[in-house]
Amino acid sequence: MTPISNRIELQERHHQIFIEQAPTAIAMLDKNMVYLAVSKRWLKDYKLDEQDVIGRSHYDVFPEIGDDWKKNHQDCLKGAINICDEAPFKRADGSIQWIYWDVRPWYNLDSEIGGLLMHTGDITEQKEKELEKKRFETILSDCSEVARIGTWEINTHTNEIIWSDMVYEIHDVSNDFKPSLDSLLEFIEEEVKRDFLEKCMLDLLEKGKEMNEEFEIRTPKGNLKFIKAIGKIEYVEGLVTRVFGIVQDITQIKESERELNKAYNELDAIFSSSSIAIISTDKDGVINRFNSGAEHLLGYSAKEMIGIKKPEIYLFEEELNVFKKDMELEFKGDSNDADFNYRNEKIFNTRQWTFKRKDGSTFPGLKSLTAIQDKDGLNDGFIAVITDISKIKEVKDELRKKNDLLNFAEKLSLLGHWQWNTVLDKVQWSENLYTIFELEKSVIELKFDTYFSFVHPNDKELVAAYFKKSANDKTFYNFTHKIITASGVVKTIHLVGKVIANDNGEMIEMFGTCQDITESIKAQEELRKKNDLLNFAEQISMMSNWKWDTVADKVQWSENFYTILELDEAITDLNFNSYYRFVHPEDIGIVDNHFEQVNKNKRWDSLTHRIITTSGKVKTILILGKVFTNEKDEIIEMIGTCQDITESKKAENKLIEAKQELEISTQKLSLQNQQLADFTHITSHNLRAPVANLNSLLEIHSYAKNEEERTDIFNKFSSVIDHLSSTLNTLIEALKAKVGDANEQKEQIEFNEVLENTVQMLSGAILKSKAVINSDFSKLSSISYNKIYMESIFLNLIGNAIKYSAEDRIPHIQIKTKVRNGKNIITFKDNGLGIDLDKHGHKLFGLNKVFHRHPDAKGVGLYLTKTQIESMGGTITATSEVNVGTIFTINFN
């Protein structure tokens, strides 16, 4: 070993000996924060007497040391000195130790830093005393404030009354108020109480009798208060040296007493109630309270029960044994404690019991049993509240019977009912609905997608559209579609329902019925075939049949009747007037007279008259019929046939009819020709100018000499294109029927509000995925838009970001708005699976296009989103990188 090494080792040993013998807490550590030496005080202060710390890391000995202290240590190893007068040190066991410290580097003989010297002191006891003193002073001050106690004193030389600030506050007067005996009496309204206060003050001053009384005062602000006044006199060598006391505002105490009395009276009223039985027992199980309600329900008198009987007298042993076993299982568990007694547990239990009356009769009751604890927390008995539920049980039994009948009726009618909580996406099905779908009841947790998964692929788009429209309009639109059951059977079902919305107009629930109409559809198909044969026969003979329910005024026509009347579509709500409006005006009298005779004679004679079809044709029809009456000889129904006999009329009538038809056709053709001419004129006039302007501008643009000139010319395209667009829109509207326009339903929408609603709707998925959603709407906080579409856009894009998140990282979704070149833009960025746009980009927004093997992937969301955005005049694009994430950019303009 070299001389230098010897000197260094000797120096370190010298330091170690010095530190070990130091009377204060000192530790010496090397550059790796490993202990070289510690004083005994160090070990004592930090409770390390039983440990050998030499050679151990400082951070292993004190694992509770945080990164901030570790940084300070590294700074000191670079030459810094860290000194602190006091700071809390939270130990690993949760205790707080207050210390001061001086941490600085120590240097070897080569003036190099060899490690750290830590000098600390445990000031916990001193600090706790200081904190305790502060707490005591604060509590004392707070108590005076909370208790609303003030002091008063009488100057024995001047008889001046001196109040503390609190006394002024209690009396609702300012500090410049001059209190005196006379002024104090003015605070008391009743003369008798004023005299009493005056007597108390005189007894205090003249006889030295201490005062401790309560008074009711009325302050200048009109507040009624209760105060407690205490007065005392101090004597020195028989002479009065001081008259003083306190004043306390006890208004709240008095009010509390009144409330307590009120509560006591209410509790007493409950205990005295004859409709509820209240029974209590002592710790040995003997009844010590038995109210009138218990007497009424059980038939025993309180005198027969209190101090004599136990609850077993009115309970059945079987139910009591079940209760005891349940309590053992709840409180004892698997323990083998032989001394266990359920009576010693803090029981709170409500269950149904069967009770025995004194006369032997029984009744079902609901009993709430609560353990009574004494001041030491030990069980001092029980109190039971018993309610007769005979009526409730009868109602439940009746309801159960009705539910059984409903289930039976559903099975007979192949009907089931359903309920959908649209907020939580929770679905309930009746038992027969499981049967219709051929699904085991306990197999799956029901959601909307559960039902949607059974929808026939050809009908999924139809079903989605119906439910979306019902949700938007808050009205359920009944419809029919096909399903494929769990066993693969194709069925046809008919849905009828209702939409429930909250006070804010937001949909919260749907419910309704689902009927298996597969066989009905088959029967209808068979009937349709028969009707087709009948219609064929009718068409050959130009005959049709009809039926009229005269009570409900409901009419049914066969298909050929529509042909005779030349109706393109069936009238959905037929009544007598539906036919009557086709009667030729000149023949209305004939028809009226015929029906007068039918009503009079209850018999139908043949009726021949003319009609005018929807195209204006005049036809002659022959109607035959039969009348049906009830037991009161009132007409309830008519049935019959109607035959077109126009062709059987005389030739001159046919000629007249042909001429009329020719004139009508000529007029119709003339009108169509005129409309076509008008449309051609509009087209040639309105399109010629903008198209010519565009051609001119294009030609001028090609000859432009510089960029500025070209830009100026290019900007002129806007007005021309606007004019052309307006013209095209006008022509389009002229060629199509007006349909609902989403832009007519625009309103000012706050993005934050839409995001909040979306987060609520996706709360379950967000919690499950731990998704983090950040937003920045500072550049564009709101926009005029179709609210339903905006909510659908947020729902689809955020929902997809969560649905297609990566398994190895928490979903992060960033939503940001901006305005660029006058364009309103919003972006949705996620860190999910991403999409291979080279492979799938051409079908990204296509219907039923999916790009991941996700069980919920349907390929509908992005298609709907794109459709909605484009219907509002916007665009949506996407950039994506596989396993990195996707950004959807929406340009609202």
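Reader: In which helix do Asp203 and Lys199 both lie?
Author: This is a predicted model in which local features need pLDDT of at least 70 and side-chain atom pairs count only at pLDDT 80 or more, while totals for chains, interfaces and linings use all residues. Residues are numbered from 1 along each chain as its sequence is written, and side-chain values use heavy atoms, with hydrogens and water left out. Helices (H or I, at least four residues) and strands (E, at least two) are DSSP runs, numbered from the N terminus. Asp203 and Lys199 are four residues apart, about one turn of the helix, and the helix that holds both, residues 191-207, is H8.

Reader: How far apart are the closest N and O atoms of Asp203 and Lys199?
Author: A salt bridge is a side-chain nitrogen of Lys or Arg within 4 Å of a carboxyl oxygen of Asp or Glu. An α-helix has 3.6 residues a turn, so residues three or four places apart point the same way. Asp203 and Lys199 do form a salt bridge, and the closest N and O atoms are apart by 3.0 Å.

Reader: Is Asp203 buried or exposed?
Author: Buried means under 20% relative accessible area, exposed means over 50%, and partly exposed lies in between (1.4 Å probe, protein chains only). Lys199 has a relative accessible area of 47%, so Lys199 is partly exposed. Asp203 has a relative accessibility of 10%, and therefore counts as buried.

Reader: How many residues apart in the chain are Asp249 and Arg148?
Author: The side chains of these two meet in a salt bridge of 2.9 Å, N to O, and both Asp249 and Arg148 are buried. The pair links distant parts of the chain, since Asp249 is in strand E10 (residues 239-249) and Arg148 is in the loop between helix H5 (124-147) and strand E6 (149-154). Their separation in residues is 101.

Reader: Where does Asp587, the salt-bridge partner of Arg610, lie?
Author: Arg610 and Asp587 form a salt bridge, with the closest N and O atoms 3.1 Å apart. Arg610 belongs to strand E23 (residues 607-612). The partner is 23 residues away, and Asp587 lies in the loop between helix H19 (576-580) and helix H20 (588-601).

Reader: What relative accessibility does Asp587 have?
Author: Arg610 has a relative accessible area of 26%, so Arg610 is partly exposed. Asp587, in contrast, counts as buried, because its relative accessibility is 6%.

Reader: How many salt bridges are there?
Author: Salt bridges that share partners can form a network, and one such network joins Glu566, Lys617, Lys619 and Asp644. With the 4 Å rule given above, the count of salt bridges comes to 33.

Reader: Which residues of helix H4 are buried?
Author: The opposite face, turned away from the buried side, carries the exposed residues Asp67, Asp68 and Lys71. Helix H4 spans residues 67-77, and its buried residues are His73, Cys76 and Leu77.

Reader: Within what arc do the buried residues of H4 fall, seen down the axis?
Author: The arc is that of the directions from the helix axis to the C-beta atoms. The buried residues of H4, which are His73, Cys76 and Leu77, line one face of the helix because they fall within an arc of 100°.

Reader: Which strands are included in what covers the buried residues of H4?
Author: Contact means heavy atoms within 4.5 Å. The cover includes helix H3 (58-61). It also includes the strands E3 (82-90), E4 (96-107) and E5 (113-122).

Reader: With which side chain does the side chain of Asp102 make a polar contact?
Author: Asp102 is in strand E4, and it counts as buried because its relative accessibility is 18%. A polar contact is a pair of N or O atoms within 3.5 Å; within protein, one must be able to donate a hydrogen and the other to accept it, and residues adjacent in sequence count only if both atoms are side-chain atoms. At 2.9 Å, the side chain of Asp102 makes such a contact with that of Arg104.

Reader: How far apart in space are Val591 and Thr608?
Author: Val591 lies in helix H20 and counts as buried because its relative accessibility is 0%. Beyond its neighbours within four places in sequence, Val591 is in contact with Tyr580, Val583 and His609. Val591 and Thr608 are 17 residues apart in sequence, and their C-alpha to C-alpha distance is 8.6 Å.
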